[in-house]
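This briefing is meant to be read beside the sequence and the coordinates.

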Amino acid sequence: MPAEGVSHVVIEAPPIEPSQLHAPGGVRVEHVDRTFTGRTGTVHALADVSLRAETGEIVTVVGPSGCGKSTLLELICGLQRPDAGTVRSAPAALMPQRDLLLPWLTALDNAALALRARGIKRDEARAAAAPWLERFGLHGFEQARPAELSGGMRQRVSFLRSLLAGKPVLALDEPFAALDAITRAEMQGWLARVLASEPRTVVLVTHDVEEAVLLGDRVLVMSGRPGRIVGEVPVAAARPRRRTDAEIVGLRERVLRALGVSR
Amino acid sequence: MRRALSLWRAVVVLAALLGAWELYVDLGGATALILPPPHAVAQSLYDDRALLWSSFLVTAREVVLGILVASAVALALAAVMHFFASLRRAFYPLMVASQTIPIPVLAPVLILWWGFGIGPKLVVVALVSFFPIVVTTLAGFSAVDDELIKLMRTFDATRRRVFWMIELPAALPSVFTGAKIAVVVAVIGAVFAEQAGANAGLGYLFEQSIPQLLTARAYAAVVVMSVFAIALFALLTLAERLTVPWAYRPIGDLAG
């Protein structure tokens, strides 16, 4: 159910086949303003924020904690409406920061949750999700409960769950923020490889500058409270990228400067 | 098994209490007719086993049926109140009010109205036991992570699917918590209902035994009630372990 003011393309027959998962669709956020009024006062979350992501483009948004990054993603997903400005996006699936896997379901059933949410039968959903678990290095863990999985595995199941929603746009909310540094580095490489073989329009928000530069085609730099876009850094570096590449290191410095971090 | 064995501390305390009680009566603290010593209660448990058993069956039926009614009503009520905030505001205060009416006041009124059959007993048992289930279930529904609901919305899940796939399973551990409180108060409710007017059951047996100076038998009836309530509690704990193992934490079972 799309919120008013947000145009959504309706996918009639939900695609299941991996080859059909890819559908065209971009994101247009134009001059958006968002203010929250709560008991503790008014928070100006977003001020005149614009963002474009073309079909198949990976846009990373980097900014300090509490700069309205999550609000931006919820606007794209149609979970919120802007106070001013327009948001137009192809249907987007969210991948939350915490994995939010259901503890009573197996890894397989968690991965198939988006399919079940659309009313696809249990067996059919499992059959569709199973080959993906194998592709994502989770073979043998199909029947494991989330509590038995490592942090990296949980995050992979969570990503798969959002991927199988079959939406052309993925909104990733600090997907690896909760992981330890080593697992995070592994997962960043993993996500880059997955997106190379399964292109999607991606809006990924993070407070990790290196992650933004490593994964994005374009990095948008956001300031805190109210959140506004203060810079844009295109990343033309070829893939696969290494964090030690001179180009990546240089871009990281550029983003840090845009964030106002000088050394 | 290890947890069952860890009950030994409780057994030691119980044995010490029973010993003190026996000694107190022995030393003339009270006559055996007023306060029957534990061995007399044990004797009655054996001698009156047929009578106790048939009384137990009557009370057990009231309690089990009453809890089933209460659970069904409580789950339906909690779901409705969860879906419709306006109904919650309308019913929640009344529900709390229903719990403030003392059962010893309510039970005779119901007996007067519906007679000595099982009907009024079921109402009393259900009335005392539905409340904890509703309150904990409702809390379980609203404790579901808001982010999870948002996630499901981006997956195009309908409100109904969110309920069946997320909210209901997530609330199951809370349902068990409520049910565990409910079974204990249900037995108390049944006894009150029987004392208000009945011709069978453990509460009736207790009520009849006191004026006949069969105090040991009265105490034996109380022992059977307690053991029954404990057994129901243990049974629910077991069911909880089997149905929601992902949420099971060994706190709040018999072994503490």
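The notes below concern a predicted model. The predictor gives the complex an ipTM of 0.83 and a pTM of 0.82.

**Confidence**

- Chain B has a mean pLDDT of 89, and 95% of its residues reach 70 or more.
- Within chain B, helix H4 (residues 49-83) has the highest confidence, at a mean of 94.
- The lowest confidence in chain B falls in helix H1 (residues 2-5), where the mean is 64.

**Contact between chain A and chain B**

- Chain A gives 17 residues to the contact, and chain B gives 17 residues as well.
- On the side of chain A that touches chain B, the elements giving two or more residues are strand E6 (92-95) and helix H4 (113-117) of chain A.
- That side of chain A consists of 13 nonpolar and four charged residues, with no polar residues.

**Overall build of chain B**

- Read from the N terminus, the elements of chain B run α-α-α-α-α-α-α-α-α-α-α.
- Along the principal axes, the C-alpha atoms of chain B fill a box of roughly 75 × 50 × 30 Å.
- Chain B has 256 residues, and buried residues make up 36% of them.
- Of the contacts in chain B between residues at least 6 apart in sequence, 75% join residues at least 24 apart.

**Helices H10 and H11 of chain B**

- Helix H10 of chain B covers residues 202-209, and helix H11 of chain B covers residues 215-243.
- The axes of these two helices come within 8 Å and cross at roughly 160 degrees.
- Because angles over 145 degrees count as roughly antiparallel, this crossing angle makes H10(B) roughly antiparallel to H11(B).
- The crossing of H10(B) past H11(B) is left-handed.
- H10(B) makes the contact through Leu202(B), Leu205(B), Phe206(B) and Ser209(B).
- From H11(B), the contact takes Thr215(B), Arg217(B), Ala218(B), Ala221(B), Val222(B), Val224(B) and Met225(B).
- By class, the contact of H10(B) with H11(B) has eight nonpolar, two polar and one charged residues.

Terms used: Residues numbered from 1 in each chain as written. Chains lettered and ligands numbered in written order. Predicted model: local features only at pLDDT ≥ 70, side-chain atom pairs only at ≥ 80, totals over all residues. pLDDT = per-residue confidence, 0-100. Helix = DSSP H or I, 4+ residues; strand = E, 2+ residues; numbered from the N terminus. Contact = placed C-beta atoms within 7 Å. Nonpolar A, V, L, I, M, F, W, Y, C, P; charged D, E, K, R; others polar. Buried ≥ 20, exposed ≤ 12 C-beta atoms within 10 Å, placed from the backbone. Axes fitted to C-alpha atoms, helices over the stretch in contact; angles between N-to-C directions. Parallel < 35°, antiparallel > 145°, perpendicular 65-115°, else oblique. Left-handed = near helix turned anticlockwise from the far one by under 90°.
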